[in-house]
Amino acid sequence: MSLSVVGKSLPRVDGIEKATGQARYVDDLALPSMLYGRILRSPLPHARIVRIDTKKAEKLLGVKGVITAADTLKVPFSFPSHLKDKYPLEFEKVRYIGDEIAAVAAADKDIAEEATHLIEVEFEELPAVFDPVDAMSLGAPEVHEGVKNNIARKIEWEYGSIQKGFDESDYIFENRFTTSRQTHCSLEPHGALASYDYTGKLTIWMTTQNPHTVRDDLANLLGLPPHKIRVIKPPMGGGFGSRLTMDPLDVICALLAMKCGKPVKIINSREEEFYASRGRHPMTIEIKTGVKKNGKILAREVTAIADNGAYNSHGPRVVGYAGKMLLSLYNIPHTRFTGLAIYTNNPYGGAMRGFGNPQVTFASESQLDMISERLGIDPVELRLKNFVKSGDVAPTGAEITSCGIQECLLRAVEVSGWKEKQHERVKQRGLGVACMIHGSGAKGFFGDSNVSDSFIKMNPDGSVIVYSGTSDLGQGSDTILLQIVAEELGIKFEQVRIVSADTETTPIDYGSFGTRVTFAAGNAVKMGAKVVREQLFEVASELLEAHVDDLVAREGAVHVKGSPERSVPIERIARVACYDKGKPLAGRGFYNGPDSPSPDVSTYFGNTSPAYCFAAQVAEVEVDSETGLVKILNLVAAHDLGKAINPMAAEGQIEGGLAQGIGYALMEDLVCSKGVAVNPNFSDYKVLKAPDIPPIKTVLVESNDPNGPFGAKGVAEPALVPTTPAIANAIYDAIGVRITDLPITPERILEALNQKK
Amino acid sequence: MKKRIRILVNGERQELEVECDKSLLDLLRDRLGLTGTKRGCDRGDCGACSVILDGKIVNSCLVLAVEADGKSVLTIEGLASKDGLHPLQRSFVEHGAIQCGFCTPGMIMTAKALLDENPGPSEEEIRAAIAGNICRCTGYVKIVEAIAAVARRNR
């Protein structure tokens with residue numbers, strides 16, 4: 001079947017409003033008599049709160065309300081809820097520098113800021129712990145009372161027999177890797193605008209990746225029924241996982257609006273955005289791999305210790321997911337994983353693009369190159385020998401329905417000139433390759449859902465409105481969903497519009513994360529559109545005097561197959577259906593795959609995703625051995641995304657991901673010293689700027705997943721997962737030193753070169 | 001302390017009292033409702049608040065409102081006309097140079113200032129010109145392409 005809308009690089013639907021400054025983000029919104037909120041955060045990493053006195057703050061002219069935990073229900077939360085350990089305002093203890101203690105609403109921002117300084121808090125400082133290994137040791141300070149050894153969660157499994165695997169191996173490799181604290185750096189800071197009316201209804205405009213689950217969380221914490229809360233996500237300036245759990249700011253904003261009886265807006269400062277927004281967990285990864293002489297991997301044992309920081313957020317899930325992905329890419333008969341999420345008094349981690357996978361993939365793909373060198377097998381060959389393939393059940397139980405990893409790797413190698421460049425070596429230049437697997441959506445691993453619902457309405461003029469709960473955070477999901485609907489209905493792209501991410505006007509969706517939207521919401525809207533198409537055909541079959549099975553919809557008209565002259569415009573069908581027959585056209589579609597049983601609760605074995613994405617990337621670098629500076633000369637990224645619904649958008653996802661991956665490899669790290677984030681701004685925390693971007697080539701590999709909408713899977717998270725190890729491997733290839741700690745700074749390279757001498 | 005200033009904003013004359021400690025960004029967003037100019041860091045690091053002041057690109061968060069007295073400011077809202085979008089705006093849309101869109105207004109204004117001064121810049125010159133504007137979504141590839149496409153037409 002030839003496609004007319006899907007597969008086209010169409011401009012995004014919200015492009016013009018964003019290009020003209022007309023898109024209204026949270027901080028661009030204002031309501032009459034709106035107040036400005038500000039949060040008082042803990043200056044100490046670990047302390048008991050002895051007393052809070054807000055009297056002086058309340059007396060300041062212009063202050064309209066001050067809240068502390070006494071104004072809350074003292075209900076903890078997290079997402080999913082069984083990991084709950086965080087209160088919107090803390091009352092017994094503070095556990096990191098940035099912990100929320102109190103908040104103020106005032107007539108303007110300056111007064112709100114001044115008032116926070118007038119709140120008196122008496123602390124009893126407690127010993128704090130900042131290193132996860134120290135935190136596990138005997139006698140370490142307890143971050144959360146009763147949590148033994150600060151182990152927030154331990155996840156363990158063994159599949160096959162790890163001992164047997166190592167016994168039968170010819171070589172065993174053991175290495176240790178550490179990773180840094182990358183943060184999202186969404187350009188729009190977190191923010192919310194809440195309004196509470198006399199009917200007891202709360203409306204909140206906020207930066208969120210999942211309005212529906214946040215609504216339920218807010219209901220729980222505010223003591224309101226969910227139907228009395230309307231969450232709206234206006235245009236949003238990025239997310240990358242940072243807006244995946246409700247932020248305490250959201251609850252605080254709502255509480256202030258309820259207390260003051262006036263709308264309240266709170267926007268994080270950039271500094272808060274760094275230390276209080278739950279970035280990528282630093283991990284220490286010990287990885288032991290047993291291989292045969294011929295390169296077949298027999299056994300792999302991994303221990304990953306994550307610095308959870310002060311609270312869970314997604315920490316335990318991140319650790320578990322890391323293990324799942326780490327051990328799903330290659331067919332390894334014997335595997336063992338131990339994942340530990342450890343509480344410390346550092347800023348806490350959360351969901352960030354890749355969800356644990358970038359950390360462990362850095363470790364595993366770096367080690368694979370060490371193995372390949374020792375065995376004298378080309379790194380490409382070694383990987384090809386061990387990959388999972390379509391139809392396989394991976395060692396973790398992942399059911400691989402479509403798999404383009406071989407093609408990704410071969411194409412990346414070809415496009416990068418890998419073979420030619422091996423023969424024409426240039427001093428201090430090197431090539432590195434790395435691969436990855438990542439789920440397209442996930443369900444059941446930690447009791448979570450993958451639900452997505454949608455309504456499709458066709459207007460009497462034949463145009464269509466799609467109602468979807470999904471949140472477009474900039475990745476372009478609104479556009480992708482509309483392309484799917486237009487294709488399914490056979491109408492022009494200009495004829496479809498979307499209403500999304502509003503809990504009152506759109507049906508439920510579990511959220512925009514986990515590379516799930518194209519797959520889950522895409523299937524939902526495709527199903528809904530199919531219902532509408534069937535209704536269209538029913539009416540058209542009467543108008544055309546043809547059987548429904550002989551009809552086809554294309555470019556705004558329904559045609560009789562084989563007789564293109566017999567057709568009727570969809571606009572006419574819609575009008576007839578609505579006004580003549582009194583049966584307006586509308587459809588509904590939903591999705592909650594995969595249908596496979598949830599993974600076993602004790603062994604974690606089983607399938608978590610309806611489909612898996614694959615990628616291979618090749619980096620070419622030049623390293624200056626005098627200064628330690630790494631220059632990336634070329635990057636090739638080949639991604640199996642099933643089917644590119646919009647190739648331009650897919651390329652954009654990959655290019656942006658690569659920039660974050662380079663940053664993770666070479667420079668991004670929120671440095672914390674005794675719990676203090678020392679570089680919480682864009683001067684000291686470096687992200688890539690335009691001149692830093694190397695030439696990039698993207699290759700889209702279309703494996704056509706049998707269950708994906710038009711064969712599509714996701715692409716968002718995978719984009720950065722293999723970038724860091726590809727660069728690390730290229731650096732080794734260039735100068736012969738293996739850096740196992742992120743970020744790979746010039747200092748680390750020079751130190752390694754010195755040790756080598 | 002307040003001071004009375006006269007300022008031309010997108011070709012419209014404005015005369016108003018401003019607090020001496022408020023930035024041009026505060027003035028644009030909070031007083032004049034021109035929210036197309038974004039606040040990304042409020043310390044001159046990210047470029048989301050870039051506007052053109054008397055023909056030069058500035059971070060409006062680093063310019064005091066009183067410093068703009070007697071000057072002319074062009075913001076993203078002043079770029080499109082009744083005849084349609086500015087070529088840079090159209091090019092950004094068509095080339096997929098926009099994702100979340102938060103950096104877009106500042107990025108487009110910076111590109112405009114560049115093209116006003118140098119209508120046919122090289123790719124390297126484009127990259128250097130937007131080096132003060134952070135984009136976390138696109139990896140800048142399509143942004144550079146969008147600006148280069150307009151520059152090519154200028155040559």
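**First stop: a pair of helices**

α9(A) and α10(A) are oblique to each other, since their angle is neither under 35 degrees (roughly parallel), nor over 145 (roughly antiparallel), nor 65 to 115 (roughly perpendicular). Select residues 315-326 of chain A for α9 and 357-375 of chain A for α10: their axes come within 8 Å and cross at roughly 40 degrees. Axes here are lines fitted to C-alpha atoms, for helices over the stretch in contact, with angles from 0 to 180 degrees between N-to-C directions. Helices (H or I, at least four residues) and strands (E, at least two) are DSSP runs numbered from the N terminus.

Before going on, a note on the model: it is predicted, with local features needing pLDDT of at least 70 and side-chain atom pairs counting only at pLDDT 80 or more, while totals for chains, interfaces and linings use all residues. Residues are numbered from 1 along each chain as its sequence is written, and chains are lettered from A and ligands numbered from 1 in the order in which they are written.

Which residues of the two helices meet? Show A:A322, A:M325 and A:L326 on α9(A), then A:N357, A:Q359, A:V360 and A:S364 on α10(A); contact means C-beta atoms, placed from the backbone, within 7 Å. They divide into four nonpolar, three polar and no charged. Nonpolar covers Ala, Val, Leu, Ile, Met, Phe, Trp, Tyr, Cys and Pro, charged covers Asp, Glu, Lys and Arg, and the others, Gly among them, are polar.

**Next: a strand residue in chain A**

Pick A:V676, in strand β27 (residues 676-677) of chain A. A:V676 is partly exposed, with 16 other C-beta atoms within 10 Å (20 or more would be buried, 12 or fewer exposed).

**Then: where the chains touch**

Colour the two chains separately; 41 residues of chain B and 42 of chain A take part in the contact. On chain B, α2 (87-94), α3 (104-117), α4 (123-129) and α5 (141-154) each supply at least two residues, and α2(B) gives the most, with four. By class, chain B's side has 22 nonpolar, ten polar and nine charged residues.

**Last stop: inside chain B**

Select 2-78 for domain 1 and 87-154 for domain 2 of chain B, bounds from an automatic or database domain assignment. Their C-alpha centres lie 21 Å apart.
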